[in-house]
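Visitor: I have the model open and would like to talk through its fold with you. Could you show it here so that we look at it together?
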Amino acid sequence: MLSINVPVYNYVVCDLVEQLIDQAEKLNIGYEIRVYDDGSEPGYKALNQKIADYEKVVYRELKQNIGRAAIRNKMGFESRFEYLLFIDADSMPVSENYLKNFIENAKPNIVLCGGTAYQKEKPAEPEKFLRWYYGSKREAISAETRNKKKGFIITSNNFLIAKTVFTRVHFRENINKYGHEDTLLGYDLFCNGIAIFHIDNPVEHTGLENSVIFLQKTRTALASLHEISATMLHGDTAFAMQVKFLARYSGVTRVLPVVFLKLFFKLFSGFIEKKLTGTNPNLFLFDLYKLGYYSTLKRGGG
């Protein structure tokens, strides 16, 4: 019935796996939990190795890191059951009926996205405030709102897909940078006529990065998005218009020349980074920062 896939990189997943086992056992279904470690540091491996003793857990350690897309494909292809549930390691189901909710809504030709939640309280560590604030305001969105947007946007941290579909349409492994491998998967599903439906069945994002690392990952993800749009899908207007950031960038650069955005980023990026990594980050400044950085990835003046 269900193969639960948890890719791991430098994170302890024992609590997550134990909660998933508890929920699955109550449903009396055929299931497995695949946990593949993608080249973590030895200390994390040592802490996670105890889950290999659980009867329905398949725990494997890869000798070297193969990347976010490749590890998910490997897990999906090697899974035994008809439905594949992908959950990020730094996540925890919010509902005690998390698995039940997915199973009750599962259909072969529909990909289900459960959504993301964040703790209501501000994190105790000030350096994690930007990641929590951004996630709470921009990522913790109801299923109703997500379905109204339609399109092909999914998030790889919490989704269910039939193995027959995943065998045909899976993550592209030629994305070398972090970020937007799930955006591209959603686009490929869309192009193959596979519907994407959002339900309110979130996992809480528990692995908040500090602000400096989050900004670094944001820049890397934007570089990945630029590679996708400028090289892999060059000239594809459907992709450019469906991805909110690309549509916004296109709109802004119709009014402001790219060279202006580049100059803006050169002059003010340091000031904005200081504000964003402080205790009172501003998402409008964060949006400007992303637009400015993306402009630096463009050749010449356009």
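Guide: Before we start, keep in mind that this is a predicted model.

Visitor: Which residues point which way from S1, and are they buried or exposed?
Guide: Leu-2, Ile-4, Val-6 and Val-8 point one way from the strand, while Ser-3, Asn-5 and Pro-7 point the other way, and all of them are buried.

Visitor: What joins S1 to S2, and how do the two run?
Guide: There are 7 bridges between S1 and strand S2 (residues 31-37), and the two strands run parallel. To get from S1 to S2 the chain passes through helix H1 (residues 14-27), and this β-α-β crossover is right-handed.

Visitor: And which residues are the bridge partners in S2 of Ser-3 and of Asn-5?
Guide: Ser-3 has Glu-32 as its bridge partner in S2, and Asn-5 has Arg-34.

Visitor: How many bridges pair S1 with S4?
Guide: S1 pairs with strand S4 (residues 83-87) over 4 bridges, again in the parallel sense. Asn-5 takes part here too, with Phe-86 as its bridge partner in S4.

Visitor: Let's zoom out, then: what is the order of the strands in the sheet?
Guide: The sheet is open and consists of 7 strands in the order S3-S2-S1-S4-S8-S6-S9, with mixed pairing. At its edges are strand S3 (57-61) and strand S9 (195-198), each of which pairs on one side only. From one strand to the next, the twist averages 20 degrees.

Visitor: Back to the helix: which strands does H1 lie across, and at what angle does it run to S2?
Guide: H1 lies across S1, S2, S3 and S4, and its direction is at about 170 degrees to that of S2.

Visitor: What does the side chain of Gln-23 reach?
Guide: The side chain of Gln-23 reaches the backbone nitrogen of Tyr-98, at 3.1 Å.

Visitor: Which residues is Gln-23 in contact with, leaving aside its neighbours within four places in sequence?
Guide: With those neighbours left aside, Gln-23 is in contact with Pro-93, Ser-95, Glu-96, Asn-97, Tyr-98 and Leu-99.

Definitions and conventions:
Residues are numbered from 1 along each chain as its sequence is written. This is a predicted model: local features need pLDDT of at least 70, side-chain atom pairs count only at pLDDT 80 or more; totals for chains, interfaces and linings use all residues. Side-chain values use heavy atoms; hydrogens and water are left out. Buried means under 20% relative accessible area, exposed over 50%, partly exposed in between (1.4 Å probe, protein chains only). Two strands pair if DSSP finds at least two bridges between them. A crossover is right-handed if, with the strands pointing away from the viewer, the path from the first strand over the helix to the second runs clockwise. A polar contact is a pair of N or O atoms within 3.5 Å; within protein, one must be able to donate a hydrogen and the other to accept it, and residues adjacent in sequence count only if both atoms are side-chain atoms. Contact means heavy atoms within 4.5 Å. Axes are lines fitted to C-alpha atoms, for helices over the stretch in contact, and angles run from 0 to 180 degrees between N-to-C directions.
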